[in-house]
Amino acid sequence: MGEDGPVTSAPQRPDGPTPATRLIATDLDGTLLRDDKSVSERTVAALAAAEEAGIAVFFVTGRPARWMGVVSDHVQGHGLAICANGAAVVDLHAMDRHTADGQTTDGQTADRHTSDRQPAGREFVQVRPLPRITALKVVEALRAAAPGTSFAVELTTGINYEPQYPPFFQDPGANVATAEELLHEATDDDAAPVLKVLAHHAELAPDEFLELARSVAGAYASITRSSPTSLLEISGPGVSKASTLALCCEERGISPAEVVAFGDMPNDVEMLGWAGTSYAMGNAHPDVIAAASGRTVANNEDGVALVIERILAARASRTEA
């Protein structure tokens, strides 16, 4: 309350005492980052305090690895982030320090420190690709159901796109061709893994486009969105922020009840439903608010930092008691 505004409680969904928080999973754009794509001093301090307290922090984002420079200095000792909506687990400590201007997957200009990095070691720790034959089925279904859809293909090596795809980000190294041509390799062993396919429509409303795509192609792939525009993100079957985060937590012996998650857009819904405690941002999509067990203030008001501070304060109070 007070200057930070209202923050609703986020009780554990299971009955019984609340387990201690062992991992914080947070989305970036619209959640941890302010609208100018910066990480506030308050948020930097909260992340550092969580690490000092032994709480792991995982950045779980729709961004590709090359756009993680804005938070690479704030990743914990594990060095890992979940990118491309769960399609990749990336070791940020294995990336070089070259920075360049870039944009987020929703076409918004990224912070000037956003990195267009090349791997300086084993960057991709795990990849959960979208099979090319599956991607082609989705493209075919969307072309039939929503004429005028244009596509981009996000690979582990970068992004390629169709001539009609909006100029969200012009990558000088990109191949420009139809989605069918970009996905033409006979087998997935012949080329870089496909992390996701992006589909844009100039006329359909964002939620209308998402509902349509799921109805005609949801049997083939995971389809979601994180953009305020009609831009869909298509991943392999069963691939989501939630499923990859669950795998990372299982490896560390961390239960869902010990996870606190934050998000603001439909691509966060599954993760917020999976985590024992979850917060929708004050600026969140209605579906996110419905999925979360609590709500914090908006990203521009440091909503994630506010909750972390309260978690640490409650822990300190229990220690002193």
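1. A hairpin to start with. In the hairpin formed by E3 and E4, alanine 84 has a positive phi near 50°. Four residues lie between the two strands there. Keep in mind throughout that this is a predicted model.

2. E3 and strand E4 (residues 88-91) run antiparallel and are joined by four bridges.

3. Look for valine 60, which stands opposite isoleucine 82 in E3. Strands in a sheet pair through backbone hydrogen bonds, and the pairing may be parallel or antiparallel.

4. The faces of E3. Are the side residues of strand E3 (residues 80-83) buried or exposed? Leu80 and Ile82 on one side are buried.

5. The five-stranded sheet. Now move along the chain. Five strands make an open sheet, in the order E7-E6-E8-E10-E9, with antiparallel pairing. Strand E7 (158-161) and strand E9 (222-225) are the edges, and each of them pairs on one side only. On average, neighbouring strands of this sheet are turned by 25° against each other, direction ignored.

6. A closer look at E8 and E10. Strand E8 (residues 194-200) and strand E10 (residues 231-235) run antiparallel, with four bridges between them. Histidine 200 has leucine 231 in E10 as its bridge partner.

7. Helices on the sheet. Helix H3 (residues 132-145) packs on the sheet and touches strand E6 (150-155), E8 and E10. The direction of H3 makes about 165° with that of E6. Helix H5 (residues 206-217) packs on the sheet as well, touching E8, E9 and E10. The direction of H5 makes about 180° with that of E9.

8. The two helices together. At what angle do H3 and H5 pack? The angle is about 125°, and their axes are 9 Å apart. That makes H3 oblique to H5. The crossing of H3 past H5 is right-handed. On the H3 side, the residues that meet H5 are Val138, Ala141, Leu142 and Ala145. Their counterparts in H5 are Leu212, Ala213, Val216 and Ala217.

9. The structure holds 13 salt bridges. One of them pairs glutamate 233 with lysine 196, with the closest N and O atoms 2.8 Å apart. Glutamate 233 lies in strand E10 and lysine 196 in strand E8, so the pair ties together parts that are 37 residues apart in sequence. Glutamate 233 has a relative accessible area of 2%, so it is buried. Lysine 196 is at 1% relative accessibility, so lysine 196 counts as buried too.

10. Aspartate 27 and lysine 241 meet through their side chains, 2.9 Å from N to O. This pair links distant parts of the chain, 214 residues apart. Aspartate 27 sits in the loop between strand E1 (23-26) and helix H1 (28-32), while lysine 241 is in helix H6 (residues 241-251). Both aspartate 27 and lysine 241 are buried. Which residues are linked in a network of salt bridges? They are Asp27, Lys241 and Asp268.

11. Another buried pair. Aspartate 29 and lysine 37 form a salt bridge, and their closest N and O atoms are 3.0 Å apart. Aspartate 29 is buried, as is lysine 37.

12. Glutamate 51 belongs to helix H2 (residues 41-52). Relative accessibility is 38% for glutamate 51, so this residue counts as partly exposed. Leaving aside residues up to four places away in sequence, glutamate 51 touches Gln76 and Gly77. Histidine 74 is 23 residues from glutamate 51 in sequence, and their C-alpha atoms are 9.8 Å apart in space.

Key: Residues numbered from 1 in each chain as written. Predicted model: local features only at pLDDT ≥ 70, side-chain atom pairs only at ≥ 80, totals over all residues. Heavy atoms only, no water. Pairing = 2+ DSSP bridges. Axes fitted to C-alpha atoms, helices over the stretch in contact; angles between N-to-C directions. Contact = heavy atoms within 4.5 Å. Salt bridge = Lys/Arg side-chain N within 4 Å of Asp/Glu carboxyl O. Buried < 20%, exposed > 50% of the residue type's maximum accessible area, 1.4 Å probe, protein only. Parallel < 35°, antiparallel > 145°, perpendicular 65-115°, else oblique. Left-handed = near helix turned anticlockwise from the far one by under 90°.
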